[in-house]
Amino acid sequence: MRQPFKLSWNTVEKLAERYTTPFLVLSLDQVEYNYRFLQQHLPGVNVFYAMKSNPEPQLINKLAELGSSFDVASDGEIYALSEMGIAPERMVYANPVKTARGLTAAKEVGVRQFTFDSASEIDKIADFIPGATVLLRIRIDNTASLVDLNKKFGADAGEAIGLLRRAKERGLDAAGLCFHVGSQNTSSEAYLNALSVSRHIFDSAALEGMQLRILDIGGGFPIPTGDLNVDMQAMLEQIQRPLAKFFPNTEIWAEPGRFISGTTMNLVTRVIGTQVRSGNQWYFLDEGLYGTFSGILFDHWEYELETSKSKKGPEIEATFAGPSCDSLDVVARNRKTVSLEMDEVVLVPNCGAYSSASSTTFNGFAKAEVLIWEEVQQKLQKDMMAVS
Ligand SMILES: Cc1ncc(COP(=O)(O)O)c(C=O)c1O
């Protein structure tokens, strides 16, 4: 796997002269690379990109162009995709607990693929969308993921047949199973366990006369940052082999979010304040926890903060804080850094997933502007030609 998208320092400095910080730079080439990498190493798998990880329209458009389908979680996501011209057949409404607004949107737009994990959800779906195709989400315990989704979602394997039967009785097309092993998984182990549980349920359902035909292996594939010590190709191949062997006549779906979006964005932020408090160095940045760094709270993510390599000098430990008036708004504590000056820029790579997606305008700060790398590059080249 190639090194993820990262702006050079020369470019960071040029961009910081041209655009007001904080800003994000999105690489559509990296979007394409990540999507194709999954397709290459999970051949035949139908990818439903989990747009909650990054709903940036240009990223969505790129994936749509490449043939991706989409995992949606709400009415807002359904309408957004529909307005972009994405057909409802390319959406799965994969939030196990759906709102009336969400189901109304699904009905209006024509979405007919859903996941569920309880009897109450079966009734809701059957009332809104008679005959809809449904996948039962099963719980897969996995403490190794960064974000464990299985404490909140998923039916016990022991309940699976009863729930599938009930869905069928309510006139739904009980087509298969889905699971999510938790987010940022760095090994194939949880997937292999989930495949074995799923095979068992497929077999039990067949004995009951229910031929399941779809298996959705969810998301959870890790953000392949440069220092992640995982061979992604090997990990995906370890999942692909049992899929091919044990689910030969089954449609396989996946719902990757962070793997596709995580490495596609870089943030450029700036030091707007420096203070020494009780002997500790503090740097205030113009982006914080209520902005792109929201992933610290929502995604348990620790962001790299890179400073210009041209700066030499002894390292100190510093606290980096965001610009809001909230004391919670701290980005990193005891972070090793060379000492920084006012206005100095800081580069944050690999911040494309669960970052800008959950940023707010708290305190009236605007969300960081998103620049498209391929467009910005052209502008920089024109600038250079104009100078020479
Ligand atoms: C139902 C569902 N599918 C897919 C995803 C995407 O997961 P990831 O970003 O770990 O690939 C999530 C994340 O919360 C999810 O809830």
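The model is predicted: local features need pLDDT of at least 70, side-chain atom pairs count only at pLDDT 80 or more, and totals for chains, interfaces and linings use all residues. Residues are numbered from 1 along each chain as its sequence is written.

**Overall fold**

The chain holds twelve helices and 15 strands. Both are DSSP runs numbered from the N terminus: helices are H or I with at least four residues, strands are E with at least two. Along the principal axes, the C-alpha trace spans about 70 × 45 × 40 Å.

Buried residues account for 46% of the 388. A residue is buried if 20 or more other C-beta atoms lie within 10 Å of its own, exposed if 12 or fewer, and partly exposed in between, with C-beta atoms placed from the backbone. Take the contacts between residues at least 6 apart in sequence: 74% of them join residues at least 24 apart. Contact means that the C-beta atoms of two residues, placed from the backbone, lie within 7 Å.

**Ligand shell**

The ligand has 16 residues around it, and A50, S183, G219, G257 and R258 come nearest. A residue counts as near if its C-beta atom, placed from the backbone, lies within 6 Å of the molecule. By class, the shell has six nonpolar, seven polar and three charged residues. Here Ala, Val, Leu, Ile, Met, Phe, Trp, Tyr, Cys and Pro are nonpolar, Asp, Glu, Lys and Arg are charged, and the others, Gly among them, are polar.

**Helices 8 and 9**

Helix 8 (residues 189-207) packs on helix 9 (residues 232-246) at an angle of about 10°, with the axes 10 Å apart. That makes the two helices roughly parallel, a label for angles under 35 degrees; over 145 is roughly antiparallel, 65 to 115 roughly perpendicular and the rest oblique. Axes are lines fitted to C-alpha atoms, for helices over the stretch in contact, and angles run from 0 to 180 degrees between N-to-C directions. Y191, L192, L195 and R199 of helix 8 meet I239, P242, L243 and F246 of helix 9. This contact has seven nonpolar, no polar and one charged residues.

The peptide bond from T21 to P22 is cis, with omega near -5°. P22 sits in the loop between helix 1 (9-18) and strand 1 (23-26). N334 is not a glycine, yet its phi is positive, about 50°. Y354, also not a glycine, has a positive phi near 50°. N334 lies in strand 13 (residues 330-338). Y354 lies in the loop between strand 14 (345-348) and strand 15 (369-372).

| Residue | C-beta neighbours within 10 Å | Class |
|---|---|---|
| N334 | 8 | exposed |
| L103 | 21 | buried |
| Y354 | 25 | buried |

**F128 and L103**

F128 belongs to helix 6 (residues 119-128), and L103 to helix 5 (residues 100-109). Not counting residues up to four places away in sequence, F128 touches L103 and K107. With the same exclusion, L103 contacts K98, K124 and F128.
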